[in-house]
Number of protein chains: 2
Amino acid sequence: MPERIAFPAPLAAASAASGSASVLVSGTIAYDDILTPSDSIKHALGGSGSYAALAASFFADTRLAGIVGSDFAVKDFERLKKRGIDTAGVNIVPAGETFFWRGKYHENYNSRDTLETRLGVNAHDRSPLPDAWRDSPFILLANDEPRLQHAVIAQLRAPRFILVDTMNLWIDTAQAELLRVTARADLFVVNDSEAQQLTGESNLIVAGRKMLKRTGARSVLVKKGEHGALLFHPEGMFAIPSYPVTALRDPTGAGDSFAGAFIGVLAALDRVDFAALRLAALYATAVASLTVESFSCDRLESAGIAEIEKRADEIRDMTRIPK
Amino acid sequence: MPERIAFPAPLAAASAASGSASVLVSGTIAYDDILTPSDSIKHALGGSGSYAALAASFFADTRLAGIVGSDFAVKDFERLKKRGIDTAGVNIVPAGETFFWRGKYHENYNSRDTLETRLGVNAHDRSPLPDAWRDSPFILLANDEPRLQHAVIAQLRAPRFILVDTMNLWIDTAQAELLRVTARADLFVVNDSEAQQLTGESNLIVAGRKMLKRTGARSVLVKKGEHGALLFHPEGMFAIPSYPVTALRDPTGAGDSFAGAFIGVLAALDRVDFAALRLAALYATAVASLTVESFSCDRLESAGIAEIEKRADEIRDMTRIPK
């Protein structure tokens, strides 16, 4: 059993006596070729589901639903299983090709171009979820085609909290379908440019508040890269800075692992109130900061609980305002 | 006597029994013509010294040193005096013209062009400070020509804390003189693009840490506009978000009033430790958010203690991470 973050008693007190509740992550599983201003990598394990499930696994029992081709390497399954992730919901398509993405980051790492996408098996419909998984309480619909996200929602029997992530492509090409998904979301996560794209508002505060109304999501989190994140909740706003990363290597998966850690913390606490969301954003920030320090999931996989806790503590220290 | 912020006992405990220590603000006093994407104003009271002194006056006894021409209106002196600001150190040059600036903000309010500058009396050397002012403990060298900032430092007998502000123009044209000033600074305040300009570093964490070494300042604060501010201190980093402004009208003076409130809080506390600097950044953020909601100093002048305290409390709430 891989190590897990243990939460202090006060917040975790309400947790189920049986331990943390299960997380179901649905997302893409991919191989990535990545170019950054200083380095490159080929055929690296990626995809929103891979990053998110690995991140969630530091906090709670994690189930991963997705799809791969027969080219998917056993060693990559092993990487997921080593962190305790249940991959029974990953469809393997005979003679299919795993989703492939090739991208290039610009000089400042803040933007990137997609050079090539081969959807491969990712365009296929998925098999139904394993029956027991339909009772999963904590759901992350990691970035994927909204039609596929919706198909997962339709199978859920007792969702307690649904976190929805997306990307600019779906806002452009499948916005109506996306809004059908976000209407079911307890938390909808976007980055700053996506928030502006969805609302036409350049002021992020206005954009965030508009999204609460427009998307139907109960709360909205706007990620601002190096500037941290803003959480818009019916009870108010929460602002958290990013962890001070100085060894940025590859931003790929930062958002996915943010979302994965977020849902993992909620499951570990078995709570979904505003305070729990704040704590989830803290750990999500810490985990995402590890992801970007290496290519692929390497740093994320090798991170220990102690490292995650240390970064969370540093962020606490950084934000402390004296009485 | 205008109203003042009273700080809670624990932090203010070390304050001089005689009340808060004096703040000396040295800076420009100007008339501004300003164009924003939605509105414009002509001949409005501006200048780094005006904004900063008004902001400081909410927290401590404030002295303003600067220079104006004989066109400077008595009513504008009255505006400063009404907030208890001592203007004995403002030189009045007969037949001189007060510093004039005309600028235009771009669509997103994040950048601006200077359309016209008439230095007028601001190019003159200043009279020596009133003798008693040379003992002022809390000094703000608001944005001005570094040569003039240095001339103020040379007159100080017992500075306890020197805060230095600047702008991109001086980094471009008078960097050596500026570094002579920052070498005496307890805190050097810049915005994100100035930090990048000074260090050649796009990563703000790296840039901030480099500035600690390169500028000689004991601590450095990087303002990031809507994304808040980062304080780099020998004891660590502090990050604070901006107040969620949705009614942005004119960003002019935001940085000046941030610096003014900052030094005012330190004087009110009569403390210069890391915790005091954090608290100063909180109030500075609250005050700057008021400044940008009107043209000129109008909103800043009319702000009451209750409004400032309310915004400071909101920022505290926004940043609270549960245990």
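Good morning. I begin with helix α12 of chain B, residues 305-319, in this predicted model. At 1.5 Å a residue, its 15 residues should span 21 Å, and the end C-alpha atoms are 21 Å apart, which agrees.

Which residues of α12(B) are buried? They are I305(B), I308(B), R311(B), A312(B), I315(B), R316(B), M318(B) and T319(B). Seen down the helix axis, the buried residues of α12(B) fall within an arc of 165°, so they line one face of the helix.

What do the buried residues of α12(B) pack against? Their partners come from both chains: β13 (236-240) and α10 (274-291) of chain A, together with β13 (236-240), α10 (274-291) and α11 (298-302) of chain B.

I now turn to strand β10 of chain B, residues 187-191. Four of its five residues are buried, so β10(B) is largely enclosed by the rest of the structure.

Which strands pair with β10(B)? One of them is strand β9 of chain B, residues 161-165, which runs parallel to β10(B) and is joined to it by three bridges. Here V164(B) has F188(B) of β10(B) as its bridge partner. Another is strand β11 of chain B, residues 220-223, which pairs with β10(B) in the parallel sense over four bridges. In that pairing, V189(B) stands opposite L221(B) of β11(B).

Thank you for your attention.

How values were computed. Residues numbered from 1 in each chain as written. Chains lettered and ligands numbered in written order. Predicted model: local features only at pLDDT ≥ 70, side-chain atom pairs only at ≥ 80, totals over all residues. Heavy atoms only, no water. Buried < 20%, exposed > 50% of the residue type's maximum accessible area, 1.4 Å probe, protein only. Helix = DSSP H or I, 4+ residues; strand = E, 2+ residues; numbered from the N terminus. Pairing = 2+ DSSP bridges. Expected span 1.5 Å × (residues − 1). Arc of directions from axis to C-beta. Contact = heavy atoms within 4.5 Å.
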